[in-house]
Amino acid sequence: MHSSRRRKGPCPPKRWRLFERPRLLEQRGKTLLLEADPSVNTSNHAALARLVEAIGSPRVRAIFDPGNCLYDPLGETPYPDGYEAIRPFFAHVHIKDAVRAVPESYCVKVGTGQVGYPALLRRLAADGYAGWLSMETHYRLDSHLTEEQMRLPGGAGFSAGGAAATAESVAALKDILQKEGLL
């Protein structure tokens, strides 16, 4: 640090700045939702739960994205492990399905992967979840999006086939909800 800019006492780590932000959210009546993703700061829901709990503000909550568990290098299972870890903190749910594979996991039509949506959706209903389910289509009918395409979505390469895959996944989700008596 340049000597003319020295602070009195030690400089707090940059990560502490996040703990100061909830005051701004409270002043503006906003809530910040954080998502677990292996390509960012928390690779799974257990780590995200620890972060949200450490921040300790009702204005900082979580997104539960069970499909992301299947990309987690630590191997978190979407349900029940990921769900139980984040249950006290989530305010929104992303819907996508995937298969954990080597060398690279990949997304599939909702209900055909390893998330286990029938049991998870029954649990969400039993726990009284009344929020949104947002379809997050990283699945394509005839191809797989690469990790790079999912990290930096945009352009024709990312969008190609997205509408058809989304329609198929929405229909599959509705079918699961109907079969489970939830729709």
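Trainee: Which residue follows H9, and what is its phi?

Mentor: H9 is followed by Gly-181, with a positive phi near 70°. A note on the source: this is a predicted model, in which local features need pLDDT of at least 70, side-chain atom pairs count only at pLDDT 80 or more, and totals for chains, interfaces and linings use all residues. Residues are numbered from 1 along each chain as its sequence is written, and side-chain values use heavy atoms, with hydrogens and water left out.

H9 covers residues 162-179; helices here are DSSP runs (H or I, at least four residues), strands likewise (E, at least two), numbered from the N terminus. From first C-alpha to last, the 18 residues of H9 reach 25 Å, close to the 26 Å expected at 1.5 Å a residue, where the expected span is 1.5 Å times one less than the number of residues.

Gly-162, Ala-165, Ser-169, Ala-172, Leu-173, Ile-176 and Leu-177 of H9 are buried (under 20% relative accessible area, exposed being over 50%, partly exposed in between, with a 1.4 Å probe and protein chains only). Seen down the axis, these buried residues fall within an arc of 135°, so they line one face of H9; the arc is that of the directions from the helix axis to the C-beta atoms. The face turned away from that side carries the exposed Ala-163, Gln-178 and Lys-179.

The cover over the buried residues of H9 includes strand E3 (90-95), helix H6 (117-126), strand E6 (133-135) and helix H8 (155-159).

Technical notes:
Contact means heavy atoms within 4.5 Å.
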